[in-house]
Amino acid sequence: MTDTQTPIDSPAAETAARKAAMAIAARATAAELAPVETAVSPMPEIRTLRQPEIGLVMVRGRVGGDGAPFNLGEATVTRAAVALAGGEIGFGHVLGRDLDKARLAALADALWQVPAHRAAVEAVLAPVRDRLAAERKLSAERTAATRVDFFTMVRGDN
């Protein structure tokens with residue numbers, strides 16, 4: 001049994017699992033999220049609360065990673081919100097200008113909140129998780145290939 005199939009036994013654990021699922025949905029492509037529309041049968045009634053819309057957010061930075069914050073610039077984001085007939089509300093926030101991806105991410109979030117549909121949503125997100133893990137591994141391997149190990153030799157009787 002994988003960690004996505006184990007029962008969630010506390011509100012904090014459920015919140016953390018939902019955040020993880022939303023983070024994966026945000027990094028997925030629209031094509032990778034498209035199967036969420038057919039993953040659940042029958043699909044519950046979906047009501048659009050917020051049509052996908054594009055906006056800007058201010059990106060903040062810090063000097064040296066922990067120094068004084070400063071405004072780095074703006075980034076485009078797309079957001080959407082949907083509600084299921086059972087009252088679950090899903091939100092989608094994605095970087096860029098992809099309206100369909102934001103809507104699909106919101107749908108995935110709403111469906112994930114229904115325990116009966118959670119496994120189906122996780123099955124849609126699993127290939128995305130695998131792709132992201134493979135990309136991280138490849139990046140780590142490429143970085144490791146450029147690593148230089150320095151060592152110090154003691155010279156003389158110092």
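How far apart are the end C-alpha atoms of helix 1 (residues 11–27), and what span should its 17 residues have at 1.5 Å a residue? The ends lie 24 Å apart, in agreement with the 24 Å that helix 1 should span. The expected span is 1.5 Å times one less than the number of residues. Helices (H or I, at least four residues) and strands (E, at least two) are DSSP runs, numbered from the N terminus.

This is a predicted model: local features need pLDDT of at least 70, side-chain atom pairs count only at pLDDT 80 or more, and totals for chains, interfaces and linings use all residues. Residues are numbered from 1 along each chain as its sequence is written, and side-chain values use heavy atoms, with hydrogens and water left out.

**Helix 1**
- Ala 21, Ile 24 and Ala 25 are the buried residues of helix 1 (buried: under 20% relative accessible area; exposed: over 50%; partly exposed: in between; 1.4 Å probe, protein chains only).
- Seen down the axis, these buried residues fall within an arc of 100 degrees, so they line one face of helix 1. The arc is taken from the directions from the helix axis to the C-beta atoms.
- They pack against helix 2 (30–33), helix 3 (99–112) and helix 4 (115–145), where contact means heavy atoms within 4.5 Å.
- The face turned away from the buried side carries exposed Pro 11, Ala 12, Lys 19 and Arg 27.

**Helix 3**
- Helix 3 is mostly covered, with 11 of its 14 residues buried.
- Its cover includes helix 1, helix 2, strand 1, strand 2, strand 3 (89–95) and helix 4.

**Salt bridges**
- The whole structure holds 10 salt bridges (a side-chain nitrogen of Lys or Arg within 4 Å of a carboxyl oxygen of Asp or Glu).
- Arg 131 and Glu 32 meet at 2.7 Å, N to O. Arg 131 lies in helix 4 and Glu 32 in helix 2, so the pair ties together parts 99 residues apart in sequence.
- Glu 53 pairs with Arg 79, the closest N and O atoms being 2.7 Å apart. This pair links strand 1 to strand 2, 26 residues apart.
- Asp 100 and Arg 103 also form a salt bridge (2.7 Å, N to O). Both lie in helix 3, about one turn apart.

**Nonpolar patch**
- Val 57, Val 59, Val 63, Phe 70 and Leu 72 make a nonpolar surface patch of about 410 Å². Patch residues have over 30% relative accessible area and no salt bridge; like charges are joined within 9 Å, nonpolar side chains (Val, Leu, Ile, Met, Phe, Trp, Tyr) within 5 Å. Areas come from the Shrake-Rupley method with a 1.4 Å probe; for residues, only the protein chains shown count as cover.
- Strand 1 (46–62) and strand 2 (69–84) each supply at least two patch residues.
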